[in-house]
Amino acid sequence: MQDPKCPKNPPGQMAAFLFWFGIGVSIFAILSGTTYFWDEAVWMVWPAARFVIAPAMLVSLLAVIHLRRNQLPLTINVDAFAWTLLTLFLSDWLCRPYNFFQGPSIRGEILLGAAFGVWLLRYRKLEVLNWLPFIGCVFLIISFFLESDGRLLYSDDHSVFFYRLQLLKENFPNVPFYNPLWNAGIHDKSYYNTGAMGVFLLGLPLLSIFRTEQVYNVLVAGLMFLLPPLSNYYAAKLLKLRAPGPAIAAVLSLCLGLVWYRWGLKYGTLGFVMSAALMPLCLVQVSRILDAEVVFGKTEAVIFIAAATLMVMWPLSGIAFVPLAFWGLFLLPKVLKKKYVVTIFLMLALINLPWVTVFFGTCGVGDFMNLKVKSTFTRSEQTASGLEHKDPSIKRFRHIQSSPDLKRLIPAVREQASSGNPLILLFAIPGLFLLGRSIGRKFALTFLWLLLLGSVLVPIKPQLELDRMMTFLLMCACLPAAAAMEKMLSDACLQKKSGLSLAAPVLTVGFLLAGLLTAGAVVRNHSLEEYYFEEGPVLDMAQAIKHNSGEGRILYSGCVLHQLNHGHLAPLAYFSGAPLMASSHIHDLWWYTSVFPEEYKRGGDEAIRRYLDLYNVSAIFSHEHTWRDYFSARPDEYQLVWESQPFSLYKRLKHFDNYFLEGLGEVQAQNSSSVSLVAHTPNVVIKFNYFPFLKSSACDLSKRQISKNVRLIELKNCPIGVPIVIKARSPWERIFKAT
Amino acid sequence: MAVILSCLFFGAVSEMRFAPAAAAAHTEVVALSKWHPEINLSHNAYYSWRLDPLLAYVESAVASLWGGEFSLQSHLILLLLFLCSGLYVWLNYLDCSTARILGACLSALFLLFVLFLWGQDAVIIGSLVWLPWLALVASKAQAAGSNCSKSMFFLLLVSCLNALSANQLSIITAIAALVAAAGSAPNSACVGVRRWVWALALIPPFLVLQVTPLPPFPDYPPLAHVVSLTGVRGWVRPLVGDQTFPIDVIDQIFIKSAYRTLCLLLFLAFLVVVIRSALESRGDCASNSRATFFLRAGAVTVVLVALDVLVPQTISVAAPLATINRLSPALFQLPLVPVVLALSLFFAVSYVQLSRNMVLLVMIFLSVGFLSYDAKAPEGYVWRMGFLQKKNALSAWQDRRAARYKHILLSPSYSLINSYGVSLLDDQAIFTAPVFRDIDFDGVIFSDSNGARGGDLFRLQPENEGKRWIAHHGGQRGDEWLHVYFPKLLKIRGVELFTGEFKADFPRGVEVLISRSCVAEVDDFGSYDQILDMPIWQGSVQFSAKGYPYYGAQAEVKLIFPAPVETRCLLIKQTGHSPYYEWSLTGFRLLY
């Protein structure tokens, strides 16, 4: 018997369907562009979106007119978007490169999932979907550890993040600090802007018990496969989505798209990943705070404080809440009256203000924001060895700086959408209308803002890489998408749909299930976004460093980016314990940059030798043929002692290890935050880079300018024979001294 | 009956020579009962397989009693015995009201079909052998209910035997057996018992899927291919697990061409009978409903096969069989079409036993007969390989040099080597680094299918680098040709049709003919000798570091002849089809 609450054919349903179908097809046309049937080079369905939008909008308009004439309400019809999904299934969308669902074969898995969906809907077993998040998490975690096979994740920035966690473990809470193990002393400050601090705090229980290399993969697995579904599940519960809505939201967060695994597994931007995982939860909670009718609970308040703190520890995430912040300003009196809100604000301030102060006070945020960004290379800047960075004050990034351009909107959206999960792309729109007026509007406003930030406004500050806001958008869109899918599936059960009317809902279930399989395939490295584990060359190189560094430093000639096991050099200082030098040991270079400063590069052999002596370099790694030829051609000066493609290690034969440019003494120890030495003369100049925030335990510390780009530490009035420690002032000392 | 049939079949070969559908490094049963790599000589599947270790142990124990050795053929005969007897028992269980002779005839016919179609294919035979037994015990277990532990024990036992014999294909035959069991007594058991039956029947095959190893894979480069390209985008592989090959190994094009006709005929046969039975109604409702069940089960299996072989690859890759194939890396090693087609025959004989309707049987018989007629197999072939196997599949394996190159033949390169000949492996140096040289155009006369006599063919001269000769058709129709007349007799080993920047303009199929005595302008090439024929141009043959041949990029059209030839004229025919790309070249070079 039909449920009277759910009449099978309410009046105006067809018109509503047509209206929303027109919208859905228009959205698909915009996202898809030129579209073929089934596969490219079969039949072109439409050459451009405009050929579809016009008739689709016309259909929608006619449907609205029909409804208005008959005084019928325009209800949300999620089925229309499911039929749009069917259109997507039949198009060449699934066959495009870098698509999350790799067709055409994936259609088989989707149809298999749809067959399961038939059983689910026919026998009204929707509660089975509640198990999916658990199954998905376990499946992906197992897949990840099977793929890692005990190896350390070392892809791109994972190497750097691993090193950062290790340094945080050694130096927290004195962050930032002076690290003499890299490049003769650097201001190691990338812990707040990268979100490493947040990841460190989240993983502190594990990091404090186990070695970093033992738990790094576990942290990654937790951030990628546990945190997003937990966050989305809880957020969906707060939104009071009916089962299996929260489960669907959790599953969608695991199948966000290829772009998610690109950032998380391939690039290793874990701070961003953590922030993105928590964003839906924070967005829901902020929306609830701003909603005068919603009562906040104690548990919810505590969770919000924790989630928001961890989220904003990747500072750029805060920018996503700008519209809601303005919204809150208008409602401030009402908001402040709500229970726990003042406490929340106070706690957030108490916890976060200290690190924010340190971040802005010591990490050069202003300088970074005001960086000169060149838009193009001129011909004269291209050298024989490729594009080389002549002026270090002019930075170049992944994006080109220019003014906001609306024309970027659609190409940027298409680029992100092509790697995204079509379930989220299509069902988020109707889902916004199902979240309730208040929450729905806040979500819609935030989505619009993220869309603009991630497309049109990217060129304003290329250094911020605002295109990542689109990933935030995708993650947050899981919630409305889940609401829409839940409604559609529940209605299909209640109305006991059968036959053709079941086609679109079961296809949706098919996409949901196939999404987990596809995510598993991505984790098993069966996609175009390949990521890498440490295979041996890193530890082999660390051993070579240990054996050959002597008392000096080892330098990497040329420019090293991903040549070492597809990752960066950063953790080598930890694995080897030896001080190293390179053009960059982390990913802050977008163009070729030589390790030798300009003034030494052009001076021939003598200048190179002088630079190497200046920094007490005892051996040199080389991976570029020009430098390898250079060292091989001077066998009286450089001896090949180790080789492993693509690196060769040359020991300097006519070199005496000495960290003292002037005066006498010995360096007793160097660790990740300090140098210990003993001076045998009162005044010494040591071969470590100078920074204004450095302090010495016993001497007067000042700068000795050696050349345009080289500033070393000069120590005066040192006690003889007494251990002297040089390290950075504490962050608070630096802030108060500056003020 | 089975013993007689098997002996007749295996004994009919004039020379008692093992002619496998698959090749393995050993032929002894004991060695073959451990996991070992095999290559199917027809569809090129490269997989891990083992003979039933339990049965092999029993056989070796029995053989040791008389001081002999169990050969593979004897092992297969034994399997066929089990299969035939199992089928006989199963058919009589289904309907014992008829004379037992019908069950015996149907069992024998099924055996005949299997042997005619697949020959001595140990994979097919090993997959089917326990199918009727499993269906029988599953049906009895369902009927007995949860109280009968004896039935459950036998079910588990037979399921394990099925898993040991059918290996990674046991999951498919187990599901088929369960379907057959459900059809034999649909109303007998409650859902709870049925779940136990399904679990006991499926757990052993599931475990086998986890332990099936991947055979050692050669060192092909990432973009290599060893079988015909299907045109399907991307790398089709299982989403779950990592034990899979980095390139496609199974010759899907061959499977489609080999199974197409039979599948279509069987599809029509089932369709006719399904429609007929739907129109007619028989008196015995219980028997009718069971008969209809098996008819539909058979029809469904044929439809599954049809969706794989009768539709373009870009669609069939998403079809149910291909999708199920991809669910497990172990299952992905073998194509499912052969075993599922065999299952349709199993359901067909079950239907005939219940319905006593011979129409389907006759139509299947006629289909197989038509296939054997159409195949035009050489004499004696049918007794070796079966009609669904590749006609010349054995040529490389039976070459006198095969023993020397066994490790390379027993690899996914087999199909390539078989089409080129084992001489390819002798001439590895020529294929690895062929040096094609520009020709001296002085005195050389070109003509082509456009009617050009020299004309724009000057573009093929080196000084016109980048310019191209093109067969103007707006595509490739298969009737284009290029003729070259040399002023004197040349001894050459190959020809390169350099595509330059026009990488998509390679010939889709190519045939090379020569003539020692010819004239510059000729229209009739009847007297020319064919020296190379590649109906589908796969790419130039290259060798991996460890000596395994593979096809390189199709855009590199380097045709190396099996042996040096002396010729005055060279005729290169484009025999393939492409609606989008024309055949063109920007350079013409020879390998001396």
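## Domains of chain A

Between the centres of domain 1 and domain 4 of chain A, taken over C-alpha atoms, there are 71 Å. These two belong to a set made up of domain 1 (1-75), domain 2 (76-103 + 114-153 + 192-376 + 404-523), domain 3 (537-652) and domain 4 (660-738). The bounds come from an automatic or database domain assignment.

A word on reading the model: it is predicted, so local features need pLDDT of at least 70, side-chain atom pairs count only at pLDDT 80 or more, and totals for chains, interfaces and linings use all residues. Residues are numbered from 1 along each chain as its sequence is written, while chains are lettered from A and ligands numbered from 1 in the order in which they are written.

## Two crossing helices

Let's look at helix H3 (residues 78-90) and helix H22 (residues 503-523) of chain A, whose axes come within 8 Å and cross at roughly 65°. Helices (H or I, at least four residues) and strands (E, at least two) are DSSP runs, numbered from the N terminus. Axes are lines fitted to C-alpha atoms, for helices over the stretch in contact, and angles run from 0 to 180 degrees between N-to-C directions. The crossing of H3(A) and H22(A) is left-handed, meaning that the near helix is turned anticlockwise from the far one by less than a right angle.

Which residues make the contact between H3(A) and H22(A)? From H3(A) come A:Asp79, A:Ala82, A:Trp83, A:Leu85, A:Leu86 and A:Phe89, and from H22(A) come A:Ala503, A:Ala504, A:Pro505, A:Leu507, A:Thr508 and A:Phe511. Two residues are in contact if their C-beta atoms, placed from the backbone, lie within 7 Å. By class, this contact has 10 nonpolar, 1 polar and 1 charged residues. Here Ala, Val, Leu, Ile, Met, Phe, Trp, Tyr, Cys and Pro count as nonpolar, Asp, Glu, Lys and Arg as charged, and the others, Gly among them, as polar.

## A mixed sheet

Chain A also has an open sheet of 5 strands with mixed pairing, in the order E10-E9-E11-E13-E12. Two strands pair if DSSP finds at least two bridges between them. Strand E10 (580-581) and strand E12 (638-644) are the edge strands, each pairing on one side only. Strand E9 (residues 553-556) and strand E11 (residues 617-622) of chain A are parallel, with 4 bridges; A:Tyr556 has A:Phe621 in E11(A) as its bridge partner.

E12(A) and E13(A) form a hairpin with 2 residues between them. They run antiparallel and are joined by 6 bridges, and A:Trp642 stands opposite A:Leu649 in E13(A). Helix H27 (residues 625-632) of chain A lies across E11, E12 and strand E13 (647-652), at about 135° to E11(A).

## An antiparallel sheet

Another open sheet of chain A has 4 strands in the order E14-E17-E20-E19, with antiparallel pairing. Strand E14 (660-662) and strand E19 (700-705) of chain A each have a single partner strand, so one side of each is left without a neighbour in the sheet. From one strand to the next, the twist averages 40°. E19(A) and strand E20 (residues 711-716) of chain A run antiparallel and are joined by 6 bridges, with A:Arg711 in E20(A) as the bridge partner of A:Gln705.

Chain B has 20 helices and 14 strands. Of its 592 residues, 48% count as buried (20 or more other C-beta atoms within 10 Å of a residue's own, with C-beta atoms placed from the backbone).

The contact between the chains takes 15 residues from chain B and 18 residues from chain A. The side of chain B that touches chain A has 8 nonpolar, 3 polar and 4 charged residues.

Terms used. A residue is buried if 20 or more other C-beta atoms lie within 10 Å of its own, exposed if 12 or fewer, and partly exposed in between; C-beta atoms are placed from the backbone.
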